[in-house]
Amino acid sequence: VADSGAAVRVRIPWRRRDEQPEAKRIVIVAAATGVRVANVMAVAVNREYGDLVFEPTAGPGDYYVYYMPYQGTFRSNYPRITYRPPDSTAAPAWLARWRGAWAALPPATVSAFQAVDSMSGVWPMEVIATRAESESLAARHQGMHFLLFPEDRTRPIRMSADLPYWWIEAGANGPVTGSALRGEFYAFQIGVWAVDRALDSLTARFGDLAGPGAERIPATAFSSFNTGGVDWQGRTFTRWVQVGAGKVQALWCGVMVPDDQAPGDYEGRVTVSAAGLPPETLLVRLTVSPHAIAHHGDDEPWRLSRLRWLDSRLALDTGLVRPYTPVEVDGIRLSVLGREVRLAPSGLPARITSYFTEEMTAIGSRGREVLAAPVALVVEDSSGRVLSWKSSGLQVTHQQPGAAVWTAGSTAGPLSLAVTGELEFDGNVEYTLALVARTPTVVRDIRLEIPFARDVARYLMGMNRPGGAAPGSYDWTWDVKRNQDAAWVGDVNAGLQFTLKDDHYVRPLNTNFYQLRPLVLPRSWSNGGVGGCRFRAERAAYVARCYSGARTLAAGDTLYFNLRLLLTPFHPIDPRAQFTTRYFHAYKPIQDVLATGANVINVHHATAVNPYLNYPFLRPAEMRAYVDSAHAAGMRVKIYYTVRELTNRAPELWALRRLGGEVFADGPGGGHSWLQEHFGSHYITGWVVPELKDIAIVTSGISRWHNYYVEGMDWLARNAAIDGIYLDDVAFDRITMQRIRRVLERNRPHPLIDLHSANQYNPNDGFASSANLYLEHFPYLDRLWFGEYFHYDSTPPDYWLVELSGIPYGLMGEMLEGGGNPWRGAVFGMTNRLPWTGGDPRAIWKAWDEFGIADARMIGWWVRGGPVRTDRPDVLATTYLKKGRALVAVASWARDTVNVTLQFDWRALGIDARRARITAPAIDKFQPAANFRPGEPIRLAPGRGVQLIVDTGPP
């Protein structure tokens, strides 16, 4: 403001991308005083400019105009931000004086636009062109229905509803130009503006680039990420890109310059086409430097060379991981580690046998039958008569160490059934069941029947039931409000999970975001909500009948009753690893962690070496230095890294955003102000760390981002030497988990993966049991950490066994909420974890180490005929047995204080009963020292227990 007076006018050409700027408050502050100017009048406010009149209360000088002030929960991890509506602080008389005379006022001058930080800046790609400028540009290219705007990787195209003003200055249809190093994957963009009509089936096709002499860069070196690529299963796909009339689409592309490419200038063309319209061709000029770059530029994220990771097939092979053994095929008998499947003529399992011992620490020679009879797909005709299938043969078509594939065909009246099954080395069986009606057919029901052996069906989990004792009768129906399409039935050392799918399965979002993209009901099994499952304890079997109900099939109709079976356990538990691998879940100095007795550090995000959520690539030198220091001290380091959400700090952010809904899940928007101002709409807001301005966006359940994730894990294992990952819930499928395990094992000597989950049995998460939801990942995990909101004091031991411990699946776990219940945890070999949850396990660690628990044989309370039992079913005892010595963990689930008497099998213990001694060692905040005589009752308070050393006293 140059003049002092009662009022000045100013036009602010803010060129805003936000909608309805007139609905947002404008605040003017005198720079000299910091005081808000009261007398302000908004003459005109639109997206292109704002005409304002205000009183320069501090005289000539600078004034600040804030035009998007907001309110809300600024410090929340899930902020709720709204923009303040316009208010009127001007005196009525001042408004009346200038309302009709403002045009004659002296003008103020706009001197600068400022943003709060570099992340919030809008120049040049979020400063909109005016309507007149856009119309003028279109007029200069009359008759063209779309215009092209080559753009450098350092200026990502951020807007889809507006042209950036930058393009008005730069002009349309210019050449693609760039400079790349030898060996670099060079990324760039082509902006497409649909001038006057919608565009369909947008494609970009590159020709060869011709260089010096006869040198060429072939067309096959180019990638067009928006229009196709390689999915997370390694399958090539094509995307048909559509652009609405008047909208902008960024086509992200790249070219792989060979390591030995001759330097010089290369030239070629790219043709961009849309269905029904003449194509447009741009010149492509690329200068190849004589200098080379390592790893294609991947070590410098700003180059965006990592975009090619989206199409990676890394670790998409059938290679085994520890401790699994190759799949063996002997006729109709297929076997994997500790389990065996015999196929019926239908191709479905006739028998499933588990060879895991009851202790779950070894694989024995005596099998346990999981099924009482073969699994069958049963069809009832319109009268209720069960159709009889006639097999046309079963054939194993493919066998490798990691997998075996078979096919089978059957017919029943007018129906035919084609079955394809695949057994992988971890015990996962994927079935495709294609049911075809050759003629119009009416059926009363099509159902899957799984007859479990009665002695195996002790526990059930899933389909709206938390894990626990299997009920004698239970009915379930499909409901998308609940993230439940699977159930596990079994015992500690033999079980089976089945998951019901069809050919249009879409992985739902999980945890807090489930209801925003819930389960898609399978057309076959659900049958419009008619289908469901019935569990019944019958005389000879415990039968799960998953029915779909009555329907009419037209001739040629095909229904896919797809099915996944997980054969549990996956591998024996490893008590020694459980008791010698001790986590410290915080980023602290190495020597501080070492002093606690922990030997594995989990580095969370929001830390100095891993600051931003799920993008741990921005502090590689610092991360490597920390990892090296830990290794020198004999410790391992794992990091927080997954795919459920992605920080806005990721350099690839805008390229991923332009892939439509492929990587980022569609949703209601809102949340942090940065997202509202830069992402606009159609997203789901994720976790926010306010002090770091780390703002995450929720990703899709399945996408090419999983390929990037696998490559990223490989890069971290090679360059940062991390020893594994800490997973905070899982937002990807078992294929990705399998690839991650392969990558880690191929790069690191003893990698670790542990999974944490909050209790998801609540409405927001779809009432999903965490163990049931993530069971497909368990074959590749080393430990569980379940978790917030789990109720350790109010849940029965069968719930602990099935939901929390991991033992029926070959894993062991730790406790979190409130530090857990250390007495009950001890009978499962569980403690809490330092230093996250308030409890301190070090006193228990010390007592266990003094006993030598790592070298003991763990005989859990679930082992029938164990060496130490109690006289009460609600008080349990687990024995850790060494030669001539045992540690016995006893815990009560009784409602009241009780006296319990232990029953010893002295021969099994290897202890002379006449000289037996029972002592309770003093353990801080756990138990005082005490001595007991054999047969003497031990008094236990509710939810408490005792740890006893049983050995031989002096002669």
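**Entry 1: Y70**

I looked up Y70 and found that Y70 touches I81, T82, Y83, R84, S673 and E677, leaving out residues up to four places away in sequence; contact means heavy atoms within 4.5 Å. I noted that the model is predicted, that local features need pLDDT of at least 70 and side-chain atom pairs count only at pLDDT 80 or more, while totals for chains, interfaces and linings use all residues. Residues are numbered from 1 along each chain as its sequence is written, and side-chain values use heavy atoms, with hydrogens and water left out.

I placed Y70 in strand β6 (residues 70-72). Helices (H or I, at least four residues) and strands (E, at least two) are DSSP runs, numbered from the N terminus. Y70 has a relative accessible area of 31% and is partly exposed. For that scale, buried means under 20% relative accessible area, exposed over 50%, and partly exposed in between (1.4 Å probe, protein chains only).

The C-alpha atoms of Y70 and T82 are separated by 5.6 Å, with the two residues 12 apart along the chain. The side chains of Y70 and S673 are joined by a polar contact of 3.4 Å. A polar contact is a pair of N or O atoms within 3.5 Å; within protein, one must be able to donate a hydrogen and the other to accept it, and residues adjacent in sequence count only if both atoms are side-chain atoms.

**Entry 2: the disulfide**

How many disulfides does a search of the whole structure find? I found 1, taking a disulfide as a pair of cysteine sulfur atoms within 2.5 Å. It joins C533 to C546, with an S to S distance of 2.4 Å. C533 lies in strand β37 (residues 532-537) and C546 in strand β38 (residues 542-547), so the pair ties together parts that are 13 residues apart in sequence. The link of C533 and C546 is right-handed, with 105 degrees about the S-S bond. I read C533 as buried at 0% relative accessible area, and C546 as buried at 1%. I also looked up C253, which counts as buried at 0% relative accessibility.

**Entry 3: backbone**

Most residues other than glycine have a negative phi, and most peptide bonds are trans. I listed some exceptions.

- W123 and P124 are joined by a cis peptide bond, with omega about 0 degrees; P124 is in the loop between α1 (92-98) and α2 (131-140).
- T568 and P569 are also joined by a cis peptide bond, with omega about 0 degrees; P569 is in the loop between β41 (562-568) and α5 (575-580).
- K693 has a positive phi near 50 degrees and is not a glycine. K693 is in the loop between β46 (685-689) and β47 (694-698), and is partly exposed at 36% relative accessibility.
- D729, not a glycine, has a positive phi of about 60 degrees. D729 is in the loop between β48 (724-728) and α11 (734-747), and is buried at 4% relative accessible area.

**Entry 4: the whole chain**

I counted 16 helices and 61 strands in the protein chain. Along its principal axes, the C-alpha trace spans about 110 × 70 × 60 Å. Of the 955 residues, 57% count as buried. Among contacts between residues at least 6 apart in sequence, 72% join residues at least 24 apart.
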